[in-house]
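User: I would like to learn how to read the interface between two chains. Could we go through it one feature at a time?

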Amino acid sequence: MNATTHEPETRQGRPSLAVAAPHACFDISFRTLCLICAVLCGLLMVAFFAQLALASGDAWRAFGLRFFVSSEWNPVTNVYGALPAIVGTLLTTALALAIALPLAFVSALFIVDAPPWLSRILGQAVDLLAAIPSIIYGMWGLFVLCPLMQELWWRFDIDTNGFGVLTAALILTLMILPYICAVMRDVLRMTPPMLRESAFGVGCTRWETARDILLRYGIRGLLGGVFIGLGRALGETMAVLFVAGNVMEVPGSLFDGCTTIAATLANNFAEADGLQRSALFALGLILLVMAFAIQVLAQYYLRMTGAKRGEK
Amino acid sequence: MKQRPSSLPAHGMPLRPLWGRKLQDWAVQGFSVLALTVAVGAMLWILCTIVARGSEALGWGFLTNPSKPYGLPDAGIANALLGTLLVTLCAALIAVPPALCAGIWLAEFGKRSRLADTLRFCANVMMGMPSVIVGLFVYMALVVPMGCFSGFAGSVALAILMFPVVMRTTEDMLAMVPDTLRESGLALGLTRCRVTLQIICRAARNGMVTGVLLSVARVSGETAPLLFTALFADAWPTRFFSGPTANVPVLITEYATNSPFEAMHRAGWGAALVIALLVLAVNLVARILFRERKA
């Protein structure tokens, strides 16, 4: 390496070549090390898919595409279908999102508009809510919410043991609310004040400003937040495992027991082997693909606003 | 309202009466207060339940005795607590150094290149991956070849969960360091890596520590991956590399779902209180640290 090369890493002034050479060498090796570490992340991502696809091969060969539509899960006859788990996952997630979305949006509006001290306290509270481990939500759901739901619905003459789609959806709502709210808050905060003030200036009420100006301006970021919440609800294991009832059937009503892909995995994996284990891996692969698709959408929408939000 | 459009006309007054719009506004305001009350109320409710029920179980013996099968006296959660600390610390040891390097690469060398963008995207996607998938992956990659469940496998699973979080926060923190600092370092004749390690990283140190702490807090309550990897044992975690290792989240799962006994439930609540306090404490420390840096 000679002192006049104009490579970016070696262009710094240096006292002498004898000292410079080892430095440059160290520089390059450090750089390569960092690169390897960074690439590791991408490799892991690919490895997930490869590993699960490999491990679920037997199930795909045995059931083919029927795996998606069969609702049988019978370890005795060794026939497995993914439909109950898929339906349970989609149902609880959709329900949770439907409840959480309006709540999160108006909460974010309130936090953005509130006086600074209140907004800071509420923001911190929301952050802490997001930090509580999911198992604690699950335990609370199991011992507090389920009996409560049971009692409540008995008043309306609905016979349920408290476990089921609705309870799972409510727990998921509580869990994803802070996530969606936090992203929405950030998105709403980055709206230029000029826009809001102009809207107020032409006589819009706060809600009209929010609906017609803020919502439209930040729609992509808000959608990104929605997908983040969706991703969390989709892959949530413990909270759902505790309250869903873990029945391997397609739920007929909101009060029926159900299961989700993640809960099925956690529940059955320990005692499964052979084809059942392979079927569980196939479920895992389905979940991975779903989560991946949702994350890709989330990143796509968030990236559009990322530059404006200062990449959080 | 004749045939005019329902939105604002090109000029002129809005069509809906003012009181209606104000009413709508108030309704939404009321709804937003309600929504926040629900969210914060639920949080307080959950925390109060944990504190109320958990404190019944809590005591010196509970924290210092190992867990035992039902019916034996002097049961506690000390082995699970120690196991959780071991598993989490080991996960941090595995994940943090490479994640810091990866973050440095993204911020200092990769920048906006195509590879860096792809990797950044991968990290973001991996942050949203269901943790149960990571458990499955590590089960196939480590538990099956090693032939046994082990605390180490649990550490690897948690490390995989931590990696993208630490990587992205490190990058964000490094990107916040002004370029003038880099340039002055280079102008003094330092090599690129010395500038990075000795100047940039030092300037961004608190932010990076915050990122690491937050990721530790996040994984220390993770349960799903540990179900497939570390599992549980009523023993001290002496066989970290070769046998099931006790840990608090799986202990809670076991006690809450697989046990009909009131005493076990109470122990479960106690363990839930301990893990919640740990996670919240780490979170608070991280946030205070970050606040100081900003000030």
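**Reading the interface of two chains**

Analyst: B:Arg21 forms a salt bridge with A:Glu208, the closest N and O atoms lying 2.7 Å apart, where a salt bridge is a side-chain nitrogen of Lys or Arg within 4 Å of a carboxyl oxygen of Asp or Glu. This is a predicted model, in which local features need pLDDT of at least 70 and side-chain atom pairs count only at pLDDT 80 or more, while totals for chains, interfaces and linings use all residues. Residues are numbered from 1 along each chain as its sequence is written, chains are lettered from A and ligands numbered from 1 in the order in which they are written, and side-chain values use heavy atoms, with hydrogens and water left out.

User: How many salt bridges does the rule find across the interface of chain A and chain B?

Analyst: The rule finds one across the interface of chain A and chain B.

User: How are two packed helices described, and at what angle do helix H9 of chain A and helix H1 of chain B pack?

Analyst: Two packed helices are described by the angle between their axes and the distance between the axes. Helices are DSSP runs (H or I, at least four residues) numbered from the N terminus, and axes are lines fitted to C-alpha atoms over the stretch in contact, with angles running from 0 to 180 degrees between N-to-C directions. Here helix H9 (residues 206-217) of chain A and helix H1 (residues 18-57) of chain B pack at about 80°, with their axes 7 Å apart, which makes H9(A) roughly perpendicular (65 to 115 degrees) to H1(B). The contact (heavy atoms within 4.5 Å) includes A:Trp207 and A:Glu208 of H9(A) and B:Arg21 and B:Val28 of H1(B).

User: How many residues does the contact take from chain A and from chain B?

Analyst: The contact takes 79 residues from chain A and 82 residues from chain B.

Notes: Helix = DSSP H or I, 4+ residues; strand = E, 2+ residues; numbered from the N terminus. Parallel < 35°, antiparallel > 145°, perpendicular 65-115°, else oblique.
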